[in-house]
Amino acid sequence: MIGRILIPVLSGTIFGAGLALGGMTDPARVRGFLDLFGDWDPTLAFVMGGAVLVMVVAWRIQPRLARPFFGEGFTLPGTSDLTPKLIGGSALFGIGWGIAGLCPGPGIAALVIEPASAAIFVVAMLCGMLAVRIIEGAV
Amino acid sequence: MTLPGFPDAAPLAGLAGGVLIGLAAAIMLLGAGRIAGVSGIAARAVGLSESSLPRISAWAFVTGLPIGAFIVLLAMGGLPANFASPVLLIIAGLIVGIGTRLGSGCTSGHGVCGMSRFSQRSIIATLTFMVTGFVTVALMNAMGFEALR
């Protein structure tokens, strides 16, 4: 119960608070960072830097644990396979990120800040995910 | 505090928000043994991913995101929110949904969790979406396209 529900809801809540505090739920802030050749706003680099710093420490702790504090084992992605699909998908994601200044986390978190706009983005995003699912299922 | 040369930047709030995001990801990793990758977890919540993450856990995480944002919204007494037009939001949302599934992650999974693990594929994925993000905004600006109201 703790590992299945409380830990994820606690993590999601702190995550959402961090996104909002760091300004990431404001697409203008995110697009300001992506406007490298214009009126550049480096705030997102501080957000990313702070998050990565904490996680570097967490990744140093992780191998020393036989299992997570509230779970049976670690379920972590492999780290090797570098495919055209990964690079092409990431390239596409960046284009969408640039167009509206939203990625999945801030889109979902912003549902309580600008509900109508965020909902349009999130529903469209889920449709995009569904499209991949359908195409991959057909191949 | 402001950054010399960047009057609009919010470095301290950004750093504090980033530390919270890192803590959240660390809680997910060390507490539940999972990666806090939002695109994958959201796909799992709505049944669009075969991940072994229980769907109840995926919903718990996804539900937390707006709760956390709401707490900050109340504490700050309002937050800036400049969104694109509905048409642009639909186009961007579709591309983000397709791209994050094909690319196996987004800013959180690759950018925060993967880069901090020094995962080669996550570092390359992050560089890739940052470069295409930079180019997209630069092209839209060059065409005189105002994305945000």
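**Exercises on a two-chain helical model**

B:Phe118 lies in the loop that joins H5 and H6 of chain B (helices, H or I of at least four residues, and strands, E of at least two, are DSSP runs numbered from the N terminus). The model is predicted, with pLDDT of at least 70 required for local features and 80 or more for side-chain atom pairs, while totals for chains, interfaces and linings use all residues. Residues are numbered from 1 along each chain as its sequence is written, and chains are lettered from A and ligands numbered from 1 in the order in which they are written.

**Exercise 1. Packing of H5(B) on H6(B)**

Give the angle and axis separation of helices H5 and H6 of chain B, and the hand of their crossing.

Solution. 
- Step 1: Axes are lines fitted to C-alpha atoms, for helices over the stretch in contact, and angles run from 0 to 180 degrees between N-to-C directions.
- Step 2: H5(B), residues 107-116, and H6(B), residues 120-142, pack at about 145° with axes 8 Å apart.
- Step 3: A crossing is left-handed if the near helix is turned anticlockwise from the far one by less than a right angle, and right-handed if clockwise. The H5(B) and H6(B) crossing is left-handed.
- Step 4: H5(B) contributes B:His110, B:Gly111, B:Gly114 and B:Met115 to the contact, and H6(B) contributes B:Ser122, B:Ile123, B:Ala125 and B:Thr126 (in contact: C-beta atoms, placed from the backbone, within 7 Å).
- Step 5: Three of these residues are nonpolar, five are polar and none is charged (nonpolar: Ala, Val, Leu, Ile, Met, Phe, Trp, Tyr, Cys and Pro; charged: Asp, Glu, Lys and Arg; polar: the others, Gly among them).

**Exercise 2. Chain B and its domains**

Describe the fold pattern of chain B and the contact between its two domains.

Solution. 
- Step 1: Chain B has six helices and zero strands, in the order α-α-α-α-α-α. Of its 149 residues, 60% are buried.
- Step 2: Domain 1 covers 1-81 and domain 2 covers 82-149, with bounds from an automatic or database domain assignment. Their centres, taken over C-alpha atoms, are 16 Å apart.
- Step 3: Twelve residues of domain 1 touch ten residues of domain 2. On the domain 1 side, H1 (11-32) and H2 (38-45) of chain B each supply at least two residues. H2(B) gives the largest share, four residues.

**Exercise 3. The interface of chains A and B**

Count the residues in the contact between the chains, find the chain A helix with the largest share, and list the contacts of A:Val47.

Solution. 
- Step 1: Chain A gives 107 residues and chain B gives 105. H1(A) supplies the largest share of the chain A side, 18 residues. That side divides into 68 nonpolar, 29 polar and ten charged residues.
- Step 2: H1(A) packs against H3(B), residues 55-76, at about 35° with axes 6 Å apart. The crossing is right-handed, and its contact residues are 21 nonpolar, eight polar and one charged.
- Step 3: A:Val47 belongs to helix H3 of chain A. A:Val47 is buried because it has 34 C-beta neighbours inside 10 Å.
- Step 4: Apart from neighbours within four places in sequence, A:Val47 is in contact with A:Gly22, A:Met24, B:Gly14, B:Gly17, B:Gly18 and B:Ile21.

Terms used. A residue is buried if 20 or more other C-beta atoms lie within 10 Å of its own, exposed if 12 or fewer, and partly exposed in between; C-beta atoms are placed from the backbone.
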